[in-house]
Amino acid sequence: MSKTAVKLLLTHGAGASCHSDFMQQLCSALFAEQIEVSLFHFGYMQTRLDGGSRRPPPKATLLQPELMAALQQFTRDGQPCFIAGKSMGGRIASMLAADPEAAAMLAGCFVYGYPFHAPGKSVWRTAHFSQLTVPLVILQGERDPFGKRNEVAAKHWPGVVLHWLNSGDHDFKPLKSSGQSQASLIIEAASITRRYIDAILDETQP
């Protein structure tokens, strides 16, 4: 049975662009699930790609308007629209999912490796989770130093679904002893993305 065509606006993490191996593998896996992916580079990353400064990314509040502008362009044809990001990009996407104006254009949000906190730090980046009005699905490696399973599993946020990837780190690389590979976990993440997209669409159909 054919799957409903859907659009996903996907952006990168803080240090690697949409051309990274992880992002390209993820795009291929999502495409195999009949998800039309559009990649977005924040301005600071595009400057890097153009041979300019390698400054760190601006604060999240400064990146949010950039992604909002891209979302407004992305949603013009009326198709079901989802937003997603790797790590920092996922955090910015989730901030839009908690913004009423942006959320009105979205069916859901996906994050591949959420940066719950900086490694070794205790400040959590989840305050906006209480304001979510569309589903947020987080695909997280169990060993991710930005939020390991034993740190996050006891917490609960309404509207947030966590799917744990066995033995994965922040880039979904597992331990050899797990018998899995980064590629297999990326494919699993794409499959779970499709499963939740279908569930969200089923709930929103009249």
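Predicted model: local features only at pLDDT ≥ 70, side-chain atom pairs only at ≥ 80, totals over all residues.

User: Where does H163 sit?
Analyst: You'll find H163 in strand 6.

User: And which residues is H163 in contact with?
Analyst: Leaving aside neighbours within four places in sequence, H163 is in contact with I138, L139, Q140, E188 and I192. With E188 there is also a polar contact of 3.0 Å between the two side chains.

User: Nice. Let's zoom out: which residues touch the most other members in the largest nonpolar core?
Analyst: Those are L67 and F129, in a core of 37 residues. Several elements give two or more residues to this core, including helix 2 (43–49), helix 3 (60–74), helix 4 (88–97) and strand 6 (160–165). The largest share comes from helix 3, with seven residues.

User: What does F129 touch?
Analyst: Not counting residues up to four places away in sequence, F129 touches S94, Y114, F116, L136, I138, W157, P158 and V160. There is also a second, separate core of 27 residues, with A29, I186, A190 and L201 among them.

User: Back to the helices. At what angle do helix 3 and helix 4 pack?
Analyst: The angle is about 70 degrees, and their axes are 9 Å apart. Angles from 65 to 115 degrees count as roughly perpendicular, so that is how helix 3 and helix 4 are described.

User: Which residues make that contact?
Analyst: From helix 3 they are A60, L63, Q64, L67, M68 and L71, while helix 4 brings M88, R91, I92, A93, M95 and L96. Sorted by class, the contact has ten nonpolar residues, one polar and one charged.

User: How many residues of helix 4 are buried?
Analyst: Nine of its ten, so helix 4 is mostly covered. Among the buried ones are G89, G90, S94 and A97.

User: Changing topic: what about T126 and T133, where are they?
Analyst: T126 lies in the loop between strand 4 and strand 5, and T133 is found in the loop between strand 4 and strand 5 too.

User: Is each one buried or exposed?
Analyst: T126 is buried, at 12% relative accessible area, whereas T133 counts as exposed at 58%.

User: What do they touch?
Analyst: Setting aside residues up to four places away in sequence, T126 touches Y114, F116 and W157. With the neighbours within four places left out, T133 is in contact with A97 and A103. T133 and A103 are 30 residues apart in sequence, yet their C-alpha atoms are 6.6 Å apart.

User: One last thing: which residues have a positive phi although they are not glycine?
Analyst: Two examples are S167, with a phi of about 70 degrees, and F172, with a phi of about 65 degrees. In general, most residues other than glycine have a negative phi. S167 is in the loop between strand 6 and helix 7 (182–204), and F172 has its place in the loop between strand 6 and helix 7 as well.

User: Are those two buried or exposed?
Analyst: S167 is buried at 7% relative accessibility, and F172 is buried with a relative accessible area of 0%.

How values were computed
Residues numbered from 1 in each chain as written. Heavy atoms only, no water. Core = buried A, V, L, I, M, F, W, Y, C linked by side-chain atoms within 4.5 Å. Buried < 20%, exposed > 50% of the residue type's maximum accessible area, 1.4 Å probe, protein only. Helix = DSSP H or I, 4+ residues; strand = E, 2+ residues; numbered from the N terminus. Contact = heavy atoms within 4.5 Å. Axes fitted to C-alpha atoms, helices over the stretch in contact; angles between N-to-C directions. Parallel < 35°, antiparallel > 145°, perpendicular 65-115°, else oblique. Nonpolar A, V, L, I, M, F, W, Y, C, P; charged D, E, K, R; others polar. Polar contact = N/O pair within 3.5 Å; in protein donor to acceptor, adjacent residues only side chain to side chain.
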